[in-house]
Structures are given as C-alpha cells and as structure tokens.
Amino acid sequence: MLSNTLPFRRALLLLFTLCCLSLASNARAQDGQQTPSPVPDPSDEIIRVNTELVQTDVVVLDKQGKFVDGLRPEQFELRVNGKPQAISFFERVTAGSVNEDAQLAAARGGRVGTANTTPATNATGTAAPAAAAPRPLDRGRVILFFVDDLHLSPDSLARTRGLLLRYIEEEMGQNDQAVIATASNQLGFLQQLSDDRRVLRAAVARLNLREIVVRDFQRPQMTQLHALAIEQNDPNVLNYFIDATIRENPVFGDPRNARVSAESQVRQRASQLVQQTASSALNTLNSLRSLMRSMAQLPGRKIVYLISDGFPVEMRRSEISEGLRRVTDAAVRAGVVVYTLDARGLSADITGMPDVTSDAAFDPAGQLAMGSMNETTARQEPLRIIAADTGGRALLNTNALGDALVKSIKETSVYYLLAWRPENAEQRGGKFQRVEVSIKDRADVSVLVQRGFYTTPPAEPARAKDTKRQPDAKEKVLPNAKTQNKDLLAALHSLFPKTALPTSLALNYFNLPPRGTILTTTIQVERGATAAPAGDKIPPEQIEVVGALYDERGELKNSFQRRLNVTPNTPATSPYANRIIVSSNLAVAPGIYQVRIAARDPLSGRTGSAAQWVEIPDLAKGKLSLSSIFVGEYTGTEIVPAKDATENALPVVISVDGRLARTSRMRFFIYVYNAARTPTAANGSPDIALQVQVFRDGQPVITSPLRKLETEGMTDLTSLPYAAELSLNGLAAGRYALHITAIDRISKTSATQHAKFIVE
C-alpha cells in the first residue's frame, strides 16, 4: 500500500535531509599512517579453462532457427582433436538468470555465492552436491557491440548508428548491461559497461569514421582483392598485371627478361598490399580479443556483436590464423559468443565488379573477372570464421540487421553447458585444442559451439599503440596519485567493478538555493564478518577510499581520498556492524557525469570499486524536472545511532546498494522543479499529478492511481517535495525499478525519474 500523508511527508523530508547532508554515523575520515604492504587482490575473473575441467557453451537450432529444447547428455557427441570425450557435466542454462552463476561454477567443480535452487545433474544423471540458497539477482544479460571502425564505410557507419539506437530504445532489458566499443578506441571514456541508456546514446553520437583505406598508387591500380589473388597464384589476375606492367614500362629491355622482371614487380606490389591489409585486420582482431579478455571477470554468458564491412585477408598467413585462434581462445575463457554483422547489408557488391566511377584497372577482355575471388565473399570470410569458431553466427547479406539482431538475442537466451576432463597429454605444450560437438541421429539440427582453446593461455602479442585502452586526453588520475597505493588506483580505473571488498555507490542530486544543484555521493563498504571481542564490539579498523568525478568527455572535475577510521561503538548484532557508510556533497553544473570510487582494506589487501553515471538537468531552462529518487528502508527498529545529544535515533537510512528486506517498507521521496502556476490567480498554485510504478523485467507489477501533489502550507513553490512509502511484502525476491512520473496539468508536460532496487 502506498502512503503519503502530509505529516509523514514533512517528517520523512527532514529525515532524508539529515541522512544526505551529514556524514554517516559509523565512519569518520582521518589521515593515518601507512600500514604494512598488502597481499595481492584475489582474482575475481571467471576461468572457464583449466587443467582439471573444461567447459563450453552449446546452442542447438532447428531448421527454423529455434532452440532445440529437451536434449539429454547421451545425445551429445563431444570430440577434442578428433578423439571422443566423456561429458562430465551437462546442464540447460538460461542466460542472465538467477541460477546461471551457480551452474557455471558447478561445471567448473566449484561453488559461488549465488547457487542453484535445485541440485545440478551431471552426465550420469546423479545429483551434484547441493549449494547455498540463491540470492535474488535477476542479473540480466551483458551485450557488447564491437564496432570495427577500421573497416567501416560512411554508409555503413550510418546504418550502425541506427542499429545501435534501435537496441538501446527498444530491445535493452531492465537489467541488461551493454558496452559500445570500437577497434580504434575512439569512444575513450564512454567505452564502458553501462545500463544507462543516456550513456549509450552518448557513445553512439561520438562514433566517427576511422576507416583505414589500403590503396595502391601505381597504374593500373591493384586492389586488396587483386593482391590476395596474386598471393594465391591466380593465373588470370597475375598475368593481367604482368602484361599491364610491361606495357607501362617499355624500358624492361630484353623481352626474354621483361616478363620475369615484371612478375617480380607485380608480386612485390601485391605483397605490400597484403601486408597492409593483414596489419589492419590484426589491429581489429587484437582489439576484439582484448575486449573479450576484459569481460572474463563478468559472470555468465556474454554476446559480442562484431559490426564490420569485413576485410579480405590471406587466411594462410601465420599471423592471421594465429590471431583468429587467439580470438576463439579468449571467447572460451571469457564465456563469450561472437555474432558478426556485415554492415553493408544487401548494398554490398555481390559481383566484385567495379563501377564506371571507380579508379579500378581497365579490363576489356574480362581477364580480372575470370579471377577466382569474389570481393564480398573474401571480405565476409573472416566474419564467418570468427562467428563459427566462437559459437555464434554470421548475419550477412541482409538489410534487416535490426531484425537479425533481435532474433539472435532471443536464440542465445538458452544454451546447453558441457564440461569434460581433458587427458594429461592434452594439458601440456600450450597447443590449440579443436572442439567438435554433434547431436546423434539428428541431421536436421545445427550446433553452435566454441571450437577451440589453448591448454595454457598464449602470450600477449605486440599491439599498436592506438588499439590499447587509453584514457581520453582529458581523463586524468588523481592529482596526487604518486602517493596512492597502486592496487587502489588500479581498482579506481578498472573497466569493471572489483568485488573482493564489496563496495557500493549511490548518487542523488537535488537543488539547494543559492548553491544550485547538489550531488550527494554515498559510499558503502562491506568489511565482512569479524569475530566480536569481549563486550560484543567490533574492533577499530581502517579503510582507504578514493573517488573521482568525471564529465562525459572523461575530464576529471573533482576527487577525494580518505582513510576511514571505524569507531568501535557499533554493536556486533547490528545489521550495520560490518558496514562503513560515508557521504559527501558537491555543487555541480548541468551535464552527464560519472563517479568512480574504490576502497581498500590495508590489512588484507582486498579492493573493491563501483562506478555510476548521473545526468544533472539544467533547471535554468525552466523545463519541468525531477530530482533523484531518494530511496530508504524502514524496518520498524532504530538502526542508525544518534551522532550527538541533539539528534534522535533515525528509523530509516538511504539505501546505498539498493537491497531491501522483503519484510521492510521502502520509503522514498523526490523533488519536482519548475512546475507551472495557475495563470488566473494572483498567487497561482501548481497542479502536479504523480504516478508511482514498480517494474520487474520491464513489466509493471505495481501501478498507483494518479495523485495530486498537495502544496497546502508550502511557501516555496519552486521546489515541491513528494514522499511516500511502499510495503514490500507483496513482491517476490528479485530486481525492480521504481518509476515516478510527474504530470504538469497546466503546462501539459511531464517528467519521469527512476531508481533500481533489489528485494531480498
């Protein structure tokens, strides 16, 4: 039931103001001396290949492209390097589900904190050991868009922008996260995992042309395709350029030597073009591999969409074949499948013939047309190989790329997970292992599987500087970074959150005249369970914390660093006994910002980090706007101790990590700004109607009727507060989004704000 009585709203408004504008009750900032050197931060990467167990994802599709459900482990035939392998673990997994993490861990022979509700079944049909009860994560899916801007024409770039915006606006789920990355790293600071559509839109807007055009400046002009044909000893193409070279260079002398000299010159030109093409392709492959390796620490199965015009390369060149194998290995280790999209669509030239406006070689006899290579086929071949070897599909020769994207997201939502124990001989030498999976007696299905891996991770190849992850020119580290611990700074600038030391971040903004818009940053660090000494108290402890505020260009706008001394006055029985919560306030100008924080326990060396984006509206424009939604939890007990004799114990606190007990009540409030006034009255009053909705998986589970925002007794009508509470008893455990919509019935405008929370 939603409650919003006026006395309650006033009390709650004061309550939240105290919570937001004061330092949290159980931590204080204080400079301290350095502690002994820490132990290394434990790895939080998901390792899917090791010497004991190897796991791989398998998708089985029928002729209509639908997932074939209900298959049993005995129907699968697994071969490694051509040898049959016994399947040690078999499970049907729903991507992004509550139990996916537990199923993946079980396939590796381990456990995670989030466990399956039902015992996993191995290949023999016996039940695996039961694990702990699941936590209600409803984690959602991770989708990565890798834009190969090194091989993307202007028309293809426009189609790519449209494809990405369609996903952001129409297909992205409530709990999904996405990354838009490029081969050239042109997006810089915006090339980050995010569930914020505003950030992803900004990344799309920053996409620009970076295409590397490989050209031959001699006559007749030799294309990449011609060069590849010559490398492969295509007689038609080779003889054409030999004859043309002799005509263009009559000084070759003795006709008997002219052909030999001309052939040498032609092959040298072709070799240079092929090398330039291969170098450009390797930049793309290395960037793709680096992106996938960085995704290894994220749980569950990830999908990468490689969007490119393709690139013709000589597959027999050792560096190309090795680059492709490294991509496949990285996909297996990170739990990634790659779908490739030809951004040219049906506009791609399916004949390989130049038009009259091109500067291609003149071929009246059709000698080049008789060559064995087709341009579209050659460009698409790497896309086919990458998709097939990583367990995905190549989406080619279609102008309906958006529909193909939607279909592929759906078909990858369920998969089979197989695991096997490799033989001792297969674990030595760092060799590439070929994997094949088929379904017995089912010729009517197709099997998508990651086709190989190295027994030991290959060494990192040399990479061009422009393909490395570099910060934007304005993106800086903290001003006195030399004095900071390297592990702490590494956690702060990590692309993905560090989780060894659980760290949460909450951002809230509101208008506070005359200072303007205030951004409140609240940090929570979970120190972990500590054995309580005599007297039922937690011993003193220090936590190092750093934070930074960046704008959307990656420019550092503000930063802080603190050493928090935990005061030993919190009873060990308190739910906040093992938490450190600290808040700070900062006046900010309108714009999109990211706040990054990192925390480190000097005693254990554990680090944690978090990052969050926030958009600050420009209230000076006079447009109807809302503050952040301040969300807190009321449990019916006093959980925040008084700071001094002038403060009463507070029964609610801002929820930093968004986790709320199902037995509690969620209390929230919001400010409405720039509401229009009734023009007919001398002191016109606003007419604002509010609607509160709660969504799960994009579907409304609670929708309140429109409520008029009462302004009786208010003297300041430029900032209208609204507060209410909601019982969580009727909600199942899981992830939710609270939406508040304000409708100005005078100006006929509306504004919406949302906040995510988790019911446990």
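**Exercise 1. Find the residues with the most contacts inside the largest nonpolar core.**

Solution. Start with the term: a nonpolar core is a set of buried Ala, Val, Leu, Ile, Met, Phe, Trp, Tyr and Cys residues joined through side-chain atoms within 4.5 Å. Buried means under 20% relative accessible area, exposed over 50%, partly exposed in between (1.4 Å probe, protein chains only). The largest such core holds 75 residues. Val60, Phe76, Tyr167 and Tyr305 have the most contacts inside it. Strand β12 (residues 414-420) gives the most to this core: seven residues. Helices (H or I, at least four residues) and strands (E, at least two) are DSSP runs, numbered from the N terminus. A second, separate core has 34 residues, including Val142, Leu193, Leu285 and Met292.

This is a predicted model: local features need pLDDT of at least 70, side-chain atom pairs count only at pLDDT 80 or more, and totals for chains, interfaces and linings use all residues. Residues are numbered from 1 along each chain as its sequence is written, and side-chain values use heavy atoms, leaving out hydrogens and water.

**Exercise 2. Locate isoleucine 543 and list what it is in contact with.**

Solution. Go to strand β18 (residues 542-551). Isoleucine 543 is buried, at 0% relative accessible area. Contact means heavy atoms within 4.5 Å. Leaving aside neighbours within four places in sequence, its contacts include Val525, Arg527, Leu564 and Pro602. Valine 525 is 18 residues away in sequence and 8.6 Å away in space, C-alpha to C-alpha.
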